[in-house]
Amino acid sequence: MNKFWLVLGHTYVTKLKAKAFLITTAITCLLIIGLANIKTIIEFFTSDEQEHVAVIDRTESLYKALEKQVNREEITLTKITDMEDEAKRAVKEGEWDGLLILSMDAEGLPEAAYYANTIADNRTPEELERVLNELKTALSAAKIGLTEEQMAVLYQPVPFQKVALEENAKTEEELNQARSLVYVLLFAMYMFVLMYGGMMATEVATEKSSRVMEILVSSVSPVQHLFGKIIGVALVSLTQFFVFFAVGFTALKMNGQELWRFLGFDNVSMSIWVYALIFFLLGYLLYAVLFAVLGSLVSRVEDVQSAITPAMILVIVAFMIAMSGLNMPESAFIIGASFIPFFTPMLMFLRVGLVSVPMWEVALSFALLLTTIAVLIYIGAKVYRGGVLMYGRMNIFKDMKQAVQLTKK
Amino acid sequence: MSLEIIDVTKRFGQTTAVDHLTLTVPEGKMFGLLGANGAGKTTTFRMILGLLLPTEGTIRWQGESIDYSKSHLIGYLPEERGLYPKLKVQEQLLYLGRLRGMKKADIVPEINRWLERFHIRDYANKRVEELSKGNQQKIQFIAAVLHRPNLLILDEPFSGLDPVNVELLKEAVLDLKRNGTTIVFSSHRMEHVEELCEHVCILRSGQAIVSGALRELKRSFGRKNLLIRGEGAFEELKDFPGVLRYNQTAEGVRLQIANEETAQAIFRHIADRVTVRLFALEEPSLHDIFIEKVGAAYE
């Protein structure tokens, strides 16, 4: 047991001290801070970009209404005398950002043309078009003789309520919040497994390719070594996640209140967090064992990628199914798939997060998941024991067989 | 009280790597395992260490089988050399020493002592990948002996080293032996085994073809080598009674003879015919024994 802690500690400390790890963590933290402050950043770069648009008003009536309704933070309008060619030249020379010509068509409704050096930036013309559309609607309504009340009635949306009848079912608002939370957590789980599963396999393969493994397994049993590694890498990743989480949490609380509320983190029941944690850890354990064993089969670090591809695909498929399940958590397909151990961590979590799942179903999926982990650990320990002594070309299934054979008499 | 390998066979599927091998390594002695590549040396070592399980037979160290509870008593230098390339020498040895059950405080002075001895004191804080191959090998040797094991297994300890470092390592191995360590080492170089070991075993295709105490082997072999240098007609010695093999050398001949009496006879015979500058009777070499047993030259 003592040696298990040694391996764990060694893995944890060396990984944590690695330059690449520190740099990745720092960069990701910066990205998270940036994302939380995205609104401020965008505003910072666009604040001084007021568009100055010259207006030639041939209708003699629209300009005032237009100026009143246009978003004055972004666009400044200036009425100029009707000299189209000169005005266009002024736009070309950069005196104005754009030129808007307003006129009336035969039926007395407004028409407009917008001139600018480039029309790649859509925001200004779109804003102008929106305001003009409103003006046109108002004008038309006035022509037919509609009152403002009648207009209001016309534009009112249909009241449409969705109500769940089941007692524990979540209300629509709750569901939306749960959905975004489940989405975020699923995504975190997916990233976690992909990132650290790969790290796990690379760790093992590196020790093997540097041939230090034979010394290691002569002083500590492969099983202790395997678990020391798995838990060590898990702690490294949890440390990293904790840093990300702390940074993200602080940044969101400080600057991104809207995003925070949108994600619905405020009023989510405690049980979802607990489920998330449990499924997260079990899912990691399942995949970590799988990745470590695959890593133990290759003898060169370059071969790791191809060896872990099947497991990667499994993770990706699980994630895809989970994504499609976000909008139909009660379909038979999702329910069935949530009992397949490799999908359970994501899919069963998705289900408990979105709908109320009978307790026995959760218990059953747990049992299946735990059994699979146990079986995988048993096989994994055997393959690992032989795998670390095996060098040469690779062929996963043949190698697995050969590795198990090496542990026999 | 010794290392006993009793009728051990190891099969990998169809191939038999070790075939009914029986060896006894007396405690405190040095045992040499000779054999070409693929003869079964590494497999034998892995079985001694418990990394592989024998298909048949038993292996005992001091009457008990070896498992991880005894790993602090055993030192191992694998043939495939390898250390953590990115780790510093000191950190590396600390980790490996602790895995062998040592306390941190006991390891540091031991590391310093060994680094001093191998003249690589300055490398303690260098990363292993910055070291030369030879120096990496010294570090690996230190890792194998750091915890003062009772049983030390060295798989090709001298391969890839320059003569100066071979001497350095040989001295260290002999020192360990003087302190009572039982040492088993493998080599494909006969002269190393001949120089260091009291007991030898030559493996071929997993079978022991020669095995026993070296002195005993040589004595019972009977034949001796006779080296003569000088001027004159040596050809007639080819058919001299008792001469088993005749090799012309640059300055004379090298003969294998049946016994010491033959040497006396030859000495009398050539005394008047040849100007003798050197007449030496030598013990048979391990190589001679090997050729005799196998009927082919080694390697």
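Predicted model: local features only at pLDDT ≥ 70, side-chain atom pairs only at ≥ 80, totals over all residues.

Me: Is α4(B) mostly covered or mostly exposed?

Reply: Mostly covered: ten of the 13 residues of α4(B) are buried.

Me: Which ones are buried in α4(B)?

Reply: Q136(B), Q137(B), K138(B), I139(B), Q140(B), F141(B), I142(B), A143(B), A144(B) and V145(B).

Me: And what do the buried residues of α4(B) pack against?

Reply: From chain A, α9. From chain B, the partners are β5 (74-77), α2 (89-99), α3 (104-117), β6 (151-155) and α5 (163-178).

Me: OK, contacts between the chains then. How many residues of chain A are in contact with chain B?

Reply: 20 residues of chain A, against 25 residues of chain B. On the chain A side, α1 (2-17), α9 (213-219) and α17 (396-406) each supply at least two residues. Of the elements there, α9(A) gives the most, with six residues.

Me: What is the make-up of that side of chain A by class?

Reply: Eight nonpolar, seven polar and five charged residues.

Me: Switching topic. Which residues touch the most other members in the largest nonpolar core?

Reply: A288(A), V289(A), F291(A), A292(A) and M346(A), out of 140 residues in that core. Helix α12 of chain A, residues 270-297, gives the most to this core, with 17 residues.

Me: Take F291(A). What is it in contact with, leaving aside neighbours within four places in sequence?

Reply: F291(A) is in contact with G197(A), M200(A), A201(A), I308(A) and A311(A).

Me: Now domains. How is chain A divided?

Reply: Into domain 1 (51-155) and domain 2 (171-406). The C-alpha centres of these two domains of chain A lie 56 Å apart.

Me: What does the domain assignment give for chain B?

Reply: Domain 1 covers 2-217 and domain 2 covers 223-283. In chain B the C-alpha centres of the two domains lie 41 Å apart.

Me: Which feature does UniProt place at residues 3-230 of chain B?

Reply: The unreviewed UniProt entry has "domain: ABC transporter" there. The end C-alpha atoms of residues 3-230 of chain B lie 49 Å apart, and the span is 34% helix and 30% strand.

Definitions and conventions. Residues numbered from 1 in each chain as written. Chains lettered and ligands numbered in written order. UniProt positions renumbered as here; feature names shortened; annotations may be inferred. Helix = DSSP H or I, 4+ residues; strand = E, 2+ residues; numbered from the N terminus. Contact = placed C-beta atoms within 7 Å. Nonpolar A, V, L, I, M, F, W, Y, C, P; charged D, E, K, R; others polar. Core = buried A, V, L, I, M, F, W, Y, C linked by C-beta atoms within 7 Å. Buried ≥ 20, exposed ≤ 12 C-beta atoms within 10 Å, placed from the backbone. Domains from an automatic or database assignment.
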